[in-house]
Amino acid sequence: MVRFTVLASGSRGNSAVVSGGHTRLLVDAGLSCRELFRRMKLAGEAPETLDAIIITHEHMDHVGGLAVTARKLGIPVYFTEATHRAWMRWITPRLHMTYAQWIEQCRQQAVARQAETALEPDPCECDDAGADMTPGARQSRSDGTEDAPRAADEKSAKPDPAWLPSVQYFQAGRPFQIGDISVSPFTIPHDAADPVGFVFQAEGVRMALATDLGYVTPNVKAQMRNVDLLLLESNHDLEMLRDGPYPWSVKQRVLSRVGHLSNEAAADFLESGYDGQATYVILAHLSESNNLPDLARVTAERALAGRASLLANRLLLAGQHQPLSPISF
């Protein structure tokens, strides 16, 4: 059996489970590990049966619970290389300091180096093996023991927040296999390092996922043809966004060609760029501040008015606060 379950969709967190054959994938992990597990159990999905996590891009609403979830389950995470690097930069703590603090740190380091130099013995009295020690290195003694690590080793012993059980890279445009599920990643226009959408195929069923789209490009249109399930972004109502609470700079970002897809843009695709073949069409990533479920639904229904049938284009809305009932094929 093939199954698709949306656990959450929206600006506060996104995640879905794709099941096919004996393989189960978690697509994005934008909720905490605890909340992901809770929602999976509500939807009848067992967290311990997940085989891997696959990531669309590095924004927090798609990766917020990634590290804890992957470590808890001990499963691999699939990224593009650029997305993995961007995620590591985001999750790794960095020390921020003023220019004055940096100058003082440099001064203290210079004083410390001078003190170390004054205390160093004559190089001729040193053992050659230990004369070129790097900072933080351990020095072996003749009795087989080692000196205690320096401060650099102590710092490196702290848990690495970016550590994952296993990392696997993929490239947009190059299909690959995870167990019984075939994955076709494709590039999408969004302001992230290397964002992708996916087409998943198992047991002859094709499911496409495309959110966080500035606009629907020709390659995205091509990927969303001949699918049995289509999950498409319908993020905002244009008038609500323009009159809403966001700062103008954020509104410009959302409206840009690397921002998010409006109800109107999603409807335009459904009316003129979509082949009408999907059994289920799921509207996703609805903004809680700049959209209403009824607005998104009505706009999409008008676009699909001439294509509705008993076998295709059953319209569903994915929500932020509770999982969507699993869809089985």
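**Reading the sheet and its surroundings**

Reply: Strands β8 (residues 181-187) and β9 run antiparallel and are joined by 6 bridges. Two strands pair if DSSP finds at least two bridges between them. Helices (H or I, at least four residues) and strands (E, at least two) are DSSP runs, numbered from the N terminus. The model is predicted: local features need pLDDT of at least 70, side-chain atom pairs count only at pLDDT 80 or more, and totals for chains, interfaces and linings use all residues. Residues are numbered from 1 along each chain as its sequence is written, and side-chain values use heavy atoms, leaving out hydrogens and water.

Me: Which residue in β9 does Ser182 stand opposite?

Reply: Strands of a sheet pair through backbone hydrogen bonds, either parallel or antiparallel. Here Ser182 faces Gln201 in β9. Gln201 also stands opposite Arg206 in β10.

Me: How many bridges pair β9 with β10?

Reply: There are 5, and the pairing of β9 with strand β10 (residues 205-210) is antiparallel. The hairpin of β9 and β10 has 2 residues between the strands, and Glu203 takes a positive phi near 50° there.

Me: Is β9 mostly covered or mostly open?

Reply: Start with the cut-offs. Buried means under 20% relative accessible area, exposed over 50%, and partly exposed in between (1.4 Å probe, protein chains only). Strand β9 (residues 196-202) is mostly covered, with 6 of its 7 residues buried.

Me: What is the strand order of the open sheet of 7 strands?

Reply: The order is β7-β8-β9-β10-β11-β12-β13, and the pairing is mixed. β7 (176-178) and β13 are the edge strands; each has a single partner strand, so one side of each lacks a neighbour in the sheet. On average, neighbouring strands are turned by 20° against each other, direction ignored. Axes are lines fitted to C-alpha atoms, for helices over the stretch in contact, and angles run from 0 to 180 degrees between N-to-C directions. Phe176 stands opposite Val183 in β8.

Me: Why is β12 described as largely enclosed?

Reply: Strand β12 (residues 280-284) has 5 of its 5 residues buried, so the rest of the structure largely encloses it. Tyr280, Ile282 and Ala284 point one way, Val281 and Leu283 the other, and all are buried. Parallel pairing links strand β11 (residues 229-233) to β12 over 5 bridges. Glu233 stands opposite Ala284. β12 also pairs in the parallel sense with strand β13 (residues 314-317), over 4 bridges. In that pair, Leu283 stands opposite Leu317.

Me: Which strands does helix α10 lie across?

Reply: Helix α10 (residues 263-272) lies across β11 and β12, at about 145° to β11. Helix α11 (residues 293-303) packs on the sheet, touching β12 and β13, and its direction makes about 160° with that of β13. Contact means heavy atoms within 4.5 Å.

Me: Which residues are buried in helix α3?

Reply: An α-helix has 3.6 residues a turn, so residues three or four places apart point the same way. In α3 (residues 66-73), the buried residues include Leu66, Ala67, Thr69 and Ala70. Among the elements that the buried residues of α3 pack against are β3 (23-27), α1 (33-42) and α4 (81-91). Just after α3, Gly74 takes a positive phi of about 65°.

Me: Is Tyr99 buried or exposed?

Reply: Tyr99 is exposed, at 62% relative accessible area. This residue is found in helix α5 (residues 99-119).
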